[in-house]
Amino acid sequence: MNRIYLYLFIVLQFQCAFLLNGLNPNKEDNTKNLLLLLFAVPSGYNWNLPPGFPTPVVPSVNPMSEAKVELGRFLFYDRSLSRDQSMSCSSCHIQEFAFADAKEFPSGITGEIHPRNSQHLSNVAYHPRLTWNNPLMTNLEIQSRVPMFGATPVELGLQNNDFVNRLNANSIYAPMFQRAFGDSSANEQNVRFALASFQRTMISGNSKFDQYNFRNNRSALNASEIRGMNLFNGERAECFHCHGGFNFTDTTFHGNSGSQEFFYHSNGIHTDAYYASLPNDKKGLFDVTGDSADIGKFRAPSLRNIGLTYPYMHDGTFMCDDVNNPNKAAGTGKTKQDCARDALTKVIQHYESGGVSHTAKNTTLIRPFTLSATERDDMVNFLLALTDNEFLTNPKFASPF
Ligand code: HEC
Ligand code: HEC
């Protein structure tokens, strides 16, 4: 972990200058002070949070406002944000799949295939580290540069500020930028800041589990789902150690947490030999740290809306049966729920098996255990009760076009 703190330290230095971008960066060399400088619990913004949800923290350089959130929604769905105007953020982050895309791997405007699976964006405001395996991705303001400008792989493929000219040429935007930033013209930073504000509102907290756990509706979960929840939170299956808390991940940061917590683990899906055969961008945390102890380590994903974010794991290892087209459950005769049920059963069987032997595997928590067929179904039913239909259909997150 020490290595990561070193990275964190370097990144915070960079990030400070980067976020403030000409606004006179404060050159503190103390990580704690930098954190205080960069993050603050915002006041004056009405989050309208679900019961039981803490207030997200946001970088103090980009406070929340309704105007930014609304602008961000337009930008998230606007294909002007890609070089050839063929794709937007929403091409790989689709609301009906909790802003994942049901594909093993997405591809960008050139057809180049991304080395990892698209992530869902439910409750992304609470992740102190973004993406599957990159501890340098510490906030949404920075992360969007990767899909916008990244070349390995190409996603939206932007190479210059032509997209800013396109936005400025579209008359809908001048009043929106004016309201959001007090300046009617778009620029690269304001686009990223508005995207970040919009994504922070993507809060999902009205699943059957939430109704049961946070809204005191004791009939929201049935007996099987409750048994599944108890297994999930018990010492036999150990799931909660890595997928715990209100957001079902051990990597969280919010207004009530004292510090940012972030962890990377190997859950034993591949052997050392398999990883050795792969390019570095498929080797998890190792790709960033270069430390062989980090091969196969990934952030434990939030299991919110897990019933829609198949195929599972960073490389889509677990998918439903009889799907010839790996991209969609649609067209295979399977409903989304049946597809998720199949794939989640495989995930649980994987954990029951203790995973494959692999140097970085967390052998304390990933080790064989036994479930009966009924218990396995109970656990699947519980995971499916994390689906929040309101989130999947909320017009606040839908395309404005
Ligand atoms: C070509 C498909 C594609 C496009 C287009 C795309 N993304 Fe993504 N997104 C991904 C993939 C794949 C990941 C996982 C990245 C990784 O692990 O490196 C991801 C991860 C993310 C994450 C991290 C989520 C988490 O849980 O940590 C955020 C936030 C995000 N994308 C936002 C955006 C925004 C904003 C845009 C538009 C500017 C965008 N994405 C465009 C495919 C895409
Ligand atoms: C040691 C930590 C750890 C434990 C314990 C653990 N997981 Fe995971 N889980 C992870 C990591 C890390 C990933 C991502 C691995 C990858 O993508 O290669 C993951 C991925 C998943 C996914 C796929 C998520 C997605 O978005 O693709 C599911 C579902 C899941 N875990 C369920 C469970 C269940 C159920 C249990 C208990 C039986 C459990 N996990 C126990 C760390 C853990």
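This is a predicted model: local features need pLDDT of at least 70, side-chain atom pairs count only at pLDDT 80 or more; totals for chains, interfaces and linings use all residues.
Let me begin with histidine 93, which is found in the loop between helix 3 and helix 4, where helices are DSSP runs of H or I with at least four residues, strands are runs of E with at least two, and both are numbered from the N terminus.

Residues are numbered from 1 along each chain as its sequence is written, chains are lettered from A and ligands numbered from 1 in the order in which they are written, and side-chain values use heavy atoms, with hydrogens and water left out.

Methionine 87 counts as buried because its relative accessibility is 12%, buried meaning under 20% relative accessible area, with a 1.4 Å probe and protein chains only. Leaving aside residues up to four places away in sequence, methionine 87 touches, among others, Asp78, Arg79, Cys92 and Glu155, contact meaning heavy atoms within 4.5 Å.

Turning to ligand 2, 25 residues surround it, and the closest are Cys239, Cys242, His243, His314 and Tyr351, a residue being near a molecule if one of its heavy atoms lies within 4 Å of it. A side-chain N or O atom of histidine 243 is 2.9 Å from a nitrogen atom of ligand 2, and one in the side chain of histidine 314 is 2.7 Å from an oxygen atom of the ligand. Two or more residues of the shell come from each of helix 11 (239-242), strand 4 (298-299) and helix 14 (336-353), and helix 14 gives the most, with three residues.

Finally, in helix 7 (residues 173-181), Tyr173, Met176, Phe177 and Ala180 are buried. These residues lie on the same side of helix 7 because they cover an arc of only 95 degrees around the axis, the arc being that of the directions from the helix axis to the C-beta atoms. Their cover includes helix 3 (66-77), helix 6 (162-169) and helix 8 (188-200), and helix 7 is followed by glycine 182, whose phi is positive, near 70 degrees.

How values were computed
A polar contact is a pair of N or O atoms within 3.5 Å; within protein, one must be able to donate a hydrogen and the other to accept it, and residues adjacent in sequence count only if both atoms are side-chain atoms. Buried means under 20% relative accessible area, exposed over 50%, partly exposed in between (1.4 Å probe, protein chains only).
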